[in-house]
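Please examine the sequence and structure shown here before reading on.

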Amino acid sequence: QARLPAEVCIASQSTVVKLFGLPDRTMRVAAAFIAASTASVLRGSSVANSTDVNMGGPPNCGDKYDKLPDFASEYGATISDAVCTHPGYKQSCKIFDEALQCWFRFMVTDHCGDLPSKHKKRNKKLVEACADHEKDHLDLWKMFSKDEQAYWRSSFKAQAKESKLFDTMNKLVPKQLLCTTLHVIDDECVKHDNVRVRPER
């Protein structure tokens, strides 16, 4: 089975078919699912009846923004711009914006599993790797500590087994998910109003 390109984000049914080269029928269903799912994530409603596939329940998005620190919503609004940097698909990646913010809210509510920031040690390499279109999610995974990998498996991957939205997002934009995860941890989960994407000098 061919691995889906990690750098590509999707915005429409035609874009999905063109970019991933999968059967038209399959990708029409996938595109309909993603559109319906992302539209419902922040409302916390299930979209199981939105298409003819079993989509599972909505993911756990943690607390709503009004329950999180004041600057959390500002930070969340910068995520997709920070991690969806492929020049050809910056706007297309917006379809995952709410889902990325859902994962972000869960992490902040969970205090990132009390994982420490590695901003001073890791930020330069992280920013460069996330912006380098020759790097994929496997390169990002190597930047995770053992504790961070364990947290990812017990939180996001555990949810992806039940949530088709998270599962689909993980398959289509794994690099962007991993970049988001490490940035949130390194931004102290979070004590800043935007993703810090300028490398430390």
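Buried means under 20% relative accessible area, exposed over 50%, and partly exposed in between, with a 1.4 Å probe and protein chains only. The model is predicted: local features need pLDDT of at least 70, side-chain atom pairs count only at pLDDT 80 or more, and totals for chains, interfaces and linings use all residues. Residues are numbered from 1 along each chain as its sequence is written, and side-chain values use heavy atoms, with hydrogens and water left out.

**Glu148**
- Glu148 lies in helix α8 (helices are DSSP runs of H or I, at least four residues, numbered from the N terminus).
- Glu148 is buried, at a relative accessible area of 1%.
- The side chains of Glu148 and Arg122 are joined by a polar contact of 2.8 Å (a pair of N or O atoms within 3.5 Å, one able to donate a hydrogen and the other to accept it).
- Beyond four places in sequence, the contacts of Glu148 (heavy atoms within 4.5 Å) include Leu115, Pro116, Met143, Leu182 and Ile185.

**Nonpolar core**
- The largest nonpolar core has 44 residues (buried Ala, Val, Leu, Ile, Met, Phe, Trp, Tyr and Cys joined through side-chain atoms within 4.5 Å).
- Trp103, Phe104, Leu140, Phe156, Phe166, Met169 and Val184 touch the most other members.
- Helices that each supply at least two residues of this core include α5 (97–109), α8 (146–160) and α9 (164–172).
- The largest share of this core, 8 residues, comes from α5.

**Helix α9**
- Because 7 of its 9 residues are buried, α9 is largely enclosed by the rest of the structure.
- Among the buried residues of α9 are Leu165, Phe166 and Met169.
- Phe166 touches residues including Pro59, Trp103 and Phe156, not counting those up to four places away in sequence.
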